[in-house]
Amino acid sequence: MARVMLGGTLKSLAGNTPVLEVDAKTIREVLDRVGEVYPSLLPILDRVAVAVDGQIYRNQWFAAVKPDSEVFILPPMAGG
Amino acid sequence: MPLEGDIAQRKTTFKQIGTRPIRPDGVDKVTGRARFGADASAPGMLIGKVLRSPHAHARIRKINTAKAEALAGVKAVVTRDDFKDRNDALRDVLVNCMARDKALYDGHAVAAVAATTAAIADKALKLIVVDYEVLPHVTDVDEAMKPGAPILDKTMFTNNVEPKPTKPSNVASRCEFALGDIKAGFAKADVVVERSFKTEATHQGYIEPHACLANLGPDGQGEIWVCTQGHYMIRNTCADLLGLDISKLRVTASEIGGGFGGKTTVFIEPVALALSRKSGRPVKMVMTRNEVFRATGPTSSTSMRIKVGTTRDGRITAAEADLRYQGGAFPGSPVELGAMTAFACYDLENVKAVGYDVITNRPKQAAYRAPGAPMAAFAVESVIDELAKKIRMDPVDFRLKNAAKQGTKSAYGPTFGPIGLIQTLEAIKAHPNYRAPLGPNQGRGLASGFWFNFAGQTCTTLNVNLDGTVALAVGTPDIGGSRASMCLMAAEELGIGYEQVRTIVADTSSLGYNDVTDGSRVTFASGLATIMAAREVIKKMCARAAKTWGISADAVTWEDGQAKPAGSNAGNFKPMSFKEIAAASHSTGGPLAGHHEINADGAGVSFATHLCDVEVDPETGYTRVLRYTIAQDAGKAIHPSYVEGQFQGGAAQGIGWALNEEYIYGKDGRLQNAGFLDYRIPVASDCPMIDTIIVEVANPKHPYGVRGVGETSIVPPMGAIANAVSAAIGVRMLELPMSPPRIVHALDSRLKKAAD
Amino acid sequence: MSGHHVTTTINGDSVEFVCEPQESLLDVLRNHLGLTGAKEGCGTGDCGACSIELDGRLVCSCLVLGAEAEGRKIRTIEGMAKGDKLHPLQKKFLEHAALQCGICTPGFLVAARALLERTPNPTETQVRYWLAGNLCRCTGYDKIVRAVLATAVEMKQEKRHAA
Ligand code: FES
Ligand code: FES
């Protein structure tokens, strides 16, 4: 089970949740699970950044998540 | 993913990468031939101009355009009534382009005209009558958060706070990033420093004002020529705002005269298209510098509190930040990025950063190089400097002792891969400038900084010509020499000469979608796509050679720019060069082309450390920068000159931000210094030579190891300069800019304190 | 609207145009004559992107009226290269990567040429103060200053060779 943590605004949106354990092979599956558990996050889940084992992904549904992965869901990010 | 496998084909020795050839667009740019946003014109073209609110906050009761429309030479007038109301993600973008029920800041667009000449357009603006009901305003972030402050948006209730607020406020949302237990952490500290800081808003200050030439016919087909960091963004946003099919709008990116994040959104483009549609003529719009300052996106102004504790032997036990950023009249300040990056340079067990996104009667902030990070870094690095002094530890050693490294769990969550912060610190420590003697009134300061770097959606096509040259089409506007880097990467991969590659920035109808040039992504992402497209061409070339020789495709390899039989078993054939295969292509299967599309990730975080010496004149408070040294991790420098240029440019912008640049608002809520005379950016005589050290810790997610470089360079300067100035005058400077009056004031209060 | 009829010399060519009394020379160059090498960064004399030479004097063309060009000699960036031969400053700017976006470059080149024609051997400080009227937001000036200094050295050597 991958360990999923929420960062920043998302954490408070979801009511300051602790770590979530999910069974998922891809980022898309992680996001689906998270959406099921925290419907309050649904409106922004398609814009979030996701860090899998330290690597930040933006809009990458199919990036692989391993059973022992550490996943951070981070607020939408943009640069200059 | 196949990508992973291909990237695993890492290159570490190079023939051309790392050399410094002349950029392909260079001659056009030194002869005045290069065409920027305002350099285009079209037959029958009209000139478009915008009427802007003179009030910081006002209800717009009525707009009467009758007299303007009646003026000879005026062909179209547009107001809020020409754009459909909307309630989605583009609502704020639209409201910012054209005010609706209220003018929210001095300079907010209220109406626009298109006329046969600029003079007539100006005259028409004066004939538009706007009935305003002036409302109370607020422009300071702390004032805007106070109970009783004028409320900009009565429907805004702060998000993410418990319990849910019952009253509207100017605080759009709160965010928090935390790790460990800061209470316990501070309990373990021997020394704690807690300070409050303020920074003023600064503008990206690109020398080229926004400009576009739009043409939209009654059939809904249109074109727009525009200086932008993202022509696909312009296309998609404008098509949506004007109700057009995306395919009907073709956007060409002109040469772009600087952006730094400020050209990642729309301002005049939808207005120009609306005017063109209404008038049936092409419309050119060029902002004045006054408009650029008043109505495009500066960065946030901020108010911050930082608290950090350390043991006597220099181990940080806890760190805490409260960040308040105002982002102008709309939610969306980069405070969350500030909170994530504030402590990213440090390996901390107990950390907490809280951010508040605040709205005020100022223009909507836009991205500015590493948005959100520089302000927080200024505050944090100031406190780190003070702590180092308190425990009598060398500031480099103090940072080294706490520096983030591979395996550090970053303060914003994820664990770092290979990173180069320590190398930048060591490089600075070893630099002679770290030991140069200092005279009276001189001070030395240093600071580190971090930025994520992003990659994103990218699409690139590489066409091989019959003569063995290559046409490379990328979709990311070239903002600082990226075409040279693209040519280098294509040439390196294909084993042909740099001059054999010509890179162009394709228009939106010629190439698939590309994200805006932001997040320091171009050399990484367009470079990655270029390398992949080149590898596709090589594969096809090997197949052509195989067919020519009558052997199987996998019996052919590619080496030094030629196809060769893989071994003696494959047969004995004379290798075929890139040029030979290209020349025969018409008979071996037709044109040869490579293409790659990708949503790239892994641009690789990057760190920098800046070192600065200043001299402060105690009489006038004027600060001169004496020496400036930068060490930054670039992963792999493709064209070192342009990497150095990014470092140096970021430092110079930082010098301006630290010492002079600020948005000054009057009591009336109007911007007082909307011009380069009063908003003073550094000139050549304000800067010393800027020494650079390129650190290269390869990014494992790029075939050559490239990391983004454009943004990190603006993160450390304000901290480094503030530490230097504070050392020079013996007073801790807590506000930016450290303009002469502020320094004189700080010196006076020190004298007063000493006298008391 | 009564236009002014103006006869002037631009980069050695005699040119005639009609402009409105309030039009700047920069507007005339860019909008009437198609000489878009000079750029408008501010329109108020603060950025130097519009630098040209008027009778041998370095000026901001946004602060000169079109009508004032009557009978004068104007040099713009478009006349800097001789045919296909770049001016040494243009070459050095390229070699030193003294431009990133390039919007400020025409102004810097025109201003730097004016400097080197007056002061063939400038110090770094002289270069920095002479060019203080030209804003560049991209480069931090380091490579621009180096390019100008390197040009001075090269032009001196060329002169010696020619002599
Ligand atoms: S446009 Fe003339 S000085 Fe700026
Ligand atoms: S190179 Fe961009 S302003 Fe100078």
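Predicted model: local features only at pLDDT ≥ 70, side-chain atom pairs only at ≥ 80, totals over all residues.
Colleague: Which residue forms a salt bridge with B:Asp82?

Modeller: Side chains of opposite charge can pair when their charged atoms come close. The rule asks for a side-chain nitrogen of Lys or Arg within 4 Å of a carboxyl oxygen of Asp or Glu. The partner of B:Asp82 is B:Lys278, with the closest N and O atoms 2.8 Å apart. Helices (H or I, at least four residues) and strands (E, at least two) are DSSP runs numbered from the N terminus. B:Lys278, at 46%, is partly exposed.

Colleague: How many salt bridges does the rule give over all chains?

Modeller: The count is 66. One of them joins B:Arg59 and B:Glu133 at 3.6 Å, N to O. B:Arg59 is in strand β2 (residues 58–64) and B:Glu133 in strand β6 (residues 129–134) of chain B, so this pair ties together parts 74 residues apart in sequence. B:Arg59 is partly exposed at 33%, and B:Glu133 is partly exposed at 29%.

Colleague: Which residue does B:Asp686 pair with, and is B:Asp686 buried or exposed?

Modeller: B:Asp686 pairs with B:Arg680 at 3.0 Å, N to O. B:Asp686 is buried at 13%, whereas B:Arg680 is partly exposed at 34%. Elsewhere, salt bridges with shared partners join B:Arg23, B:Asp25, B:Lys29, B:Glu255, B:Asp478 and B:Arg483 into one network.

Colleague: Turning to interfaces, which chains have the most contacts between them?

Modeller: A contact is a pair of heavy atoms within 4.5 Å. Of the 2 pairs of chains that touch, chains B and C have the most contacts. The contact takes 44 residues of chain C and 52 residues of chain B. Chains A and C have no contact; their closest C-alpha atoms are 14 Å apart.

Colleague: How much area do chain C and chain B bury between them?

Modeller: The size of an interface is often given as the accessible area lost when the parts come together. Here that loss is taken with a 1.4 Å probe and summed over both parts. For chain C and chain B it is about 3900 Å², 60% of it on carbon and sulfur atoms. C:Leu94, C:Gln100 and C:Arg137 supply 22% of the area that chain C buries against chain B, more than any other three residues.

Colleague: What polar pairs and salt bridges cross the interface of chain C and chain B?

Modeller: There are 4 salt bridges, including C:Arg30 with B:Asp39 at 2.7 Å, N to O. There are also 21 residue pairs in polar contact, both at pLDDT 80 or more. A polar contact is a pair of N or O atoms within 3.5 Å; within protein one must be able to donate a hydrogen and the other to accept it, and residues adjacent in sequence count only if both atoms are side-chain atoms. On the side of chain C that touches chain B, the elements giving two or more residues are α2 (88–95), α3 (105–118), α4 (124–130) and α5 (142–162).

Colleague: And what does the contact of chain B with chain A look like in numbers?

Modeller: It takes 33 residues from chain B and 21 residues from chain A, and buries about 2200 Å², of which carbon and sulfur atoms give 52%. B:Asn160, B:Phe454 and B:Asp601 supply 24% of the area that chain B buries against chain A, more than any other three residues. The count is 1 salt bridge: A:Glu70 meets B:Lys409 at 3.8 Å, N to O.

Conventions
Residues numbered from 1 in each chain as written. Chains lettered and ligands numbered in written order. Heavy atoms only, no water. Buried < 20%, exposed > 50% of the residue type's maximum accessible area, 1.4 Å probe, protein only. Buried area = accessible area lost by both parts, 1.4 Å probe.
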